[in-house]
Amino acid sequence: SLVRRHAPDVLFSMTNYLPFRQVACSTVLLEQHAGHFSSEFDRREHAAASPLGRLLWQAKSAWVRRSVRRADALIVQTEALADAMAAKGVRARSRIHVVPHGPGQVALREAPDRREPHANGPWRIGYPVKFGVQKDFDTLFRAARRLDTQWDYRIVLTLDPAYAPAAAVLRRAGDLGIGHRIENWGEVPGEKIATMYDSLDAMAFTSLVESFGFPMVEGMARALPLVAADTVVNREIAGGAALFFRAGDDEGLARRLTELLADESERRRCSAASLVRARAFSWRRAAEDTLSVLERTAAHGVSVRQAAVAVS
């Protein structure tokens, strides 16, 4: 109805879906859910959902794939997601625009972290994400349990305890005997996000499936040493700044965290590398590249309609 009322040159859908009905203008779709193109995510979603939930997930995935095929222009945030879509056969790789996002909701630090070597209070290891079946909290908690005999630490989370799946994650930490190590901030408002990151000594990112991975970029922008699961998208976003461990390997994660906590020079090196990598992400560049796709798609649609009018 908006298209009929305003007759735009282009319709921009910023999250995953286009209308089922054909619209009388060009369309640009920003696809931001890698789970619809990941066998790992699909398996976990099916395992966690009720029968009705599985049907809804299948319906949403069908709608997403239909939207991806029909869009006149498609934008994703990573090469990894573009490759996954092409591998699933929903769209040719050459017809996908990759436009990385900027550094989340935080400003870049001006210099690497220069805090004094840790002396007072527990080490603070952050995993600031919303709940998702792909986030693999279990690997983080099992790694944390391995640290218990050697380090005083806290695992800092940002889960909404009123959301049942997130509450189950918090209970799982208790079941593994590390409930006293958990510090949960709940969902953090935008004005406090930088404060939360600046309270940390390091970040662990265990997620198995991401479209982009904002927490990694935000943590790097605040010059935090980063340990991340070795997945294609995490490699693409973190580059050489992160210490990687094999996805799902709690022993490997614990070993990487120990390397950071035990070695001040390594923490400083990783802090500096994080800040350098974060500078590769720019909201201005993301806006300019997105606008370029919109303008070209709109112009093409206008020329096609003019040609159709001329022929008729």
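How do the residues of the lining of the largest pocket divide into nonpolar, polar and charged?

Before we dig in: this is a predicted model, where local features need pLDDT of at least 70, side-chain atom pairs count only at pLDDT 80 or more, and totals for chains, interfaces and linings use all residues. Residues are numbered from 1 along each chain as its sequence is written, and side-chain values use heavy atoms, with hydrogens and water left out.

**Solution 1**
- Sort the lining by class: 13 nonpolar, eleven polar and five charged. Ala, Val, Leu, Ile, Met, Phe, Trp, Tyr, Cys and Pro count as nonpolar, Asp, Glu, Lys and Arg as charged, and the others, Gly among them, as polar.

**Exercise 1.** Work out how helices α10 and α11 cross.

- Take the axes (lines fitted to C-alpha atoms over the stretch in contact, with angles from 0 to 180 degrees between N-to-C directions).
- For α10 (residues 250-262) and α11 (residues 264-278), they come within 5 Å and cross at roughly 105 degrees.
- So the two helices, α10 and α11, are roughly perpendicular (65 to 115 degrees).
- Now sort the residues of this contact (heavy atoms within 4.5 Å): four are nonpolar, none polar and four charged.

**Exercise 2.** Find the buried residues of helix α4 and what they pack against.

Key
Buried < 20%, exposed > 50% of the residue type's maximum accessible area, 1.4 Å probe, protein only. Helix = DSSP H or I, 4+ residues; strand = E, 2+ residues; numbered from the N terminus. Parallel < 35°, antiparallel > 145°, perpendicular 65-115°, else oblique.
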